[in-house]
Amino acid sequence: MLSKFRFFQISATFSSPAPRKKVHFPQIVAVTAKFRSQMGAASYGTSSGSVSKLIFRQLFEKESSTYTYLLADASHPDKPALLVDPVDKTVDRDLSLVKELGLKLIYAINTHVHADHVTGTGLIKSKVPGVKSIISKASNAKADLFVEPGDKICFGDLFLEVRATPGHTQGCVTYVTGDGPNQPQPRMAFTGDALLIRGCGRTDFQGGSSEQLYKSVHSQIFSLPKDTLVYPAHDYKGFTVSTVGEEMQYNPRLTKDEETFKNIMANLNLSYPKMIDVAVPANMVCGLQDVESKAA
C-alpha cells in the first residue's frame, strides 16, 4: 500500500499550470458491491453512506484490440473527465461521446509508451484546447504533466492513485481508484499491459524485464483488495474485466513462481510488433508526430 501521496494542482481554466504541484482531480466516487454499469453512469455508495456518481465507459479499438476508458465525476458541476489510453483512430468517437454526455475533458493519460498503436493524446489536445496530457516520468516521453508513484490524479471529487508497475516497459504505471471516504468500492485498477486478463504484457523490448514485471504485479496489483476490478489496456479473447482475486487464482503466468514465470516469458516466441517502428517514436512525443503528419 502506498503511504505517501503527492498532489498536482491545476486550475479549472488551466491558466497557470504549476509543474510538480498539485494536480487537483477531485476525489473518486465509491462503487457498490455490484458494479451495476460497465458502460454507463452508475451510482456508488460510499463508506459514509452518501451517494456519488461516476460516469464510466469502456471503449474498444478493434485493430489493436485496445481499451480506452472514460471516467468522469457526474456529481461535480463541471463534470470533469479523463481518458485513459486513447487511440488516434478513435479520437473522434471518444470526443463525440464526451460531448454527448456533457462532460468537460481535462486529462488524456497513458499507462505507458505503447508499441502497437499511436496514442490519441496529441490529437485530442489539438481538438480540445485546455486538455493536459499525462504519462509517467519514468517513461521519458513528452507530456504536459508527469506522474510518479504515490501521486494522485484528481478529477472533480474523484482521484486515481498512481502505482509503478514496470516490466512490460520501464515506464509502465497502473492507475487505481482511491481508497478512503467517498472513493469507489470495489476499487478499479487500469493496469495497461502490466496485467492482462489471464495474461500479461511481453517483456522483450522497450527495456522490459520479466523479473521486474513479476515483482511489479505481485507487489503493486496483487496487494490490492481481491474484489478490485481489473481493466487492462488490451484483450484479444473478448474479455472485458477481471478482478485481482481472479487473476491471483487463474492467471496462467503470474500464478507460477518467479523462475517459472521468467522461463515462460523467455519462450513466448512472439513476432515483432508491426506498429512498433511507427508507434513508439510518435508516442514518445505524445502522439504529436502523427498529428503533425496529418496536418502537413
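## The chain as a whole

Of the chain's 296 residues, 55% count as buried. Keep in mind as you look around that this is a predicted model. The chain is built with seven helices and 13 strands.

How much accessible surface does the chain have? The total comes to about 12600 Å², and carbon and sulfur atoms account for 53% of that. As for how the chain meets itself, take the contacts between residues at least 6 apart in sequence: 63% of these join residues at least 24 apart.

## The nonpolar core

Now for the inside. The largest nonpolar core has 24 residues. Which of them touch the most other members? They are L71, L82, I109, I153, L160, Y175 and F190.

L71 is a handy place to start exploring. Setting aside its neighbours within four places in sequence, L71 is in contact with L54, I55, F56, P80, A81, L82, V84, F155, L160 and F190. Three of those partners, L82, L160 and F190, are also on the list of core residues that touch the most other members.

Rolling a probe the size of a water molecule over the atoms shows where empty space is left. Start with the largest pocket, which holds about 800 Å³ of space. Its lining is made up of 36 residues, and S64, D116, R202, H234 and Y236 are the ones that lie nearest the centre. What classes of residue line this pocket? The lining has 14 nonpolar, ten polar and twelve charged residues.

## Two loop residues with positive phi

S65 has a positive phi of about 55° although it isn't a glycine. You'll find S65 in the loop between β2 (51–61) and β3 (66–73). Is S65 buried or exposed? With a relative accessible area of 13%, S65 is buried, because buried means under 20%.

D85 is the other one: this residue also isn't a glycine, yet its phi is positive, at about 55°. D85 sits in the loop between β4 (80–84) and α1 (91–100). Its relative accessibility is 1%, so D85 counts as buried too.

L123 belongs to helix α2, which runs over residues 121–127. L123 is buried, at 14% relative accessible area.

S210 is part of helix α3, residues 210–221. Its relative accessible area is 15%, so S210 is buried. What does S210 touch, not counting residues up to four places away in sequence? The list is T203, F261, K262 and M265.

Terms used. Residues numbered from 1 in each chain as written. Predicted model: local features only at pLDDT ≥ 70, side-chain atom pairs only at ≥ 80, totals over all residues. Heavy atoms only, no water. Core = buried A, V, L, I, M, F, W, Y, C linked by side-chain atoms within 4.5 Å. Buried < 20%, exposed > 50% of the residue type's maximum accessible area, 1.4 Å probe, protein only. Contact = heavy atoms within 4.5 Å. 1 Å grid on protein atoms, 1.4 Å probe; cavity = no way out; pocket = protein on both sides within 12 Å on 5 of 7 lines; lining within 4 Å. Points joined across faces, edges and corners; volume = space filled by probe spheres on them. Nonpolar A, V, L, I, M, F, W, Y, C, P; charged D, E, K, R; others polar. Helix = DSSP H or I, 4+ residues; strand = E, 2+ residues; numbered from the N terminus. Areas by Shrake-Rupley, 256 points an atom, 1.4 Å probe, with all protein chains shown as cover.
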